[in-house]
Amino acid sequence: MATSPPRSDDKSDERGLAHQRALMVERHVAARGIIDERVLKAMREVPRHRFVPQNVAAKAYGSGALPIGFKQTISQPYIVAKMIELLELKGTEKVLEIGTGTGYQAVVLSKLCAKVFSIERVNELALKASEIFRELKIHNASVKVFDGTYGWSDQAPFDRIIVAAAAPEVPEPLVQQLARTGRMIIPIGPEGRQRLARVIRVGTGIKIEDCGSAEFVPLVGKFGWPG
Ligand code: SAH
């Protein structure tokens, strides 16, 4: 993918970008097994090139993760799609996201559920993400700067929780804030040995399903890794 997505909003540029997005979804998402049509549609709509730093914008519609500054990365399109597909969103849910990063995943989520509450620990990233929510007129997503391992207790319970950084174990506050019939997707484990987990509440405990290997930046915080 060598062509650089221009930032102007000229109509033909927009058509070109929409075409690149459609190809990204076809080759790097649908071809790898994602079938939820709502997820595929949302990813065809959200302008990923607007979220990444300008020096990597040319790669926005490729298959890879990209650096976003502050030693963080935006996940590859496939993994965003896979995690969101595993959430099985119908459109009515209240979703908690930990690790806003650029805000890309939050905006994809915003198209598929009722309301997104997203937490980011890096102030600059949170600020940029809320700016882009405004520019894209996304009114059902909010960001706060905090240690997301504590969750967002004022807004709990959540129907779904999605964690975009890998934890040593499932943070207890997030289990407490998950609705009884809710589910959480979270990568667990140290660098090089992470697994994607789907967590559901069963009585007072939890059940964990293994959803394959993963490669995320660490979740740093009180109920995560030490900073
Ligand atoms: N979903 C993002 C990418 C997330 S990268 C996107 O679409 O761009 C993981 C993010 O988690 C990083 O921005 C990192 O700063 C953040 N993070 C790590 N530990 C955190 C914590 N305890 N609370 C909130 N955010 C955290």
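In which loop is the place of Pro157? Select Pro157 and you land in the loop between strand E5 (141–145) and strand E6 (158–163); strands here are DSSP runs of E with at least two residues, helices are runs of H or I with at least four, and both are numbered from the N terminus. Now show the backbone: the peptide bond between Ala156 and Pro157 is cis, with omega about 0 degrees.

Before moving on, note that this is a predicted model, where local features need pLDDT of at least 70 and side-chain atom pairs count only at pLDDT 80 or more, while totals for chains, interfaces and linings use all residues. Residues are numbered from 1 along each chain as its sequence is written, and side-chain values use heavy atoms, with hydrogens and water left out.

Next, pick Lys71, in the loop between E1 and E2. Its phi is positive, near 60 degrees, and Lys71 is not a glycine. Most residues other than glycine have a negative phi, and most peptide bonds are trans.

You get 26 residues, of which Thr102, Glu120, Asp147, Gly148 and Val220 come nearest. By class, that shell holds twelve nonpolar, ten polar (Gly is counted here) and four charged residues.

Look for polar contacts, pairs of N or O atoms within 3.5 Å:

- Thr102: a polar side-chain atom is 2.6 Å from a ligand oxygen.
- Glu120: a side-chain N or O atom is 2.6 Å from an oxygen of the ligand.
- Arg121: a backbone N or O atom is 3.2 Å from a nitrogen of the ligand.

Colour by element: strand E2 (72–74), strand E3 (94–98), helix H4 (104–110) and strand E4 (115–120) each give two or more residues to the shell. E2 gives the most, with three.

Last stop: Phe51 and Tyr104. Their rings form an edge-to-face pair, 5.6 Å centre to centre with 80 degrees between the planes; rings pair if their centres lie within 6.5 Å, and planes over 60 degrees apart count as edge-to-face. Phe51 lies in the loop between helix H2 (37–45) and strand E1 (66–69) and Tyr104 in helix H4, so the pair links parts 53 residues apart in sequence.

Definitions and conventions:
Near = heavy atom within 4 Å. Polar contact = N/O pair within 3.5 Å; in protein donor to acceptor, adjacent residues only side chain to side chain. Phe/Tyr/Trp six-rings, centres within 6.5 Å; stacked < 30°, edge-to-face > 60°.
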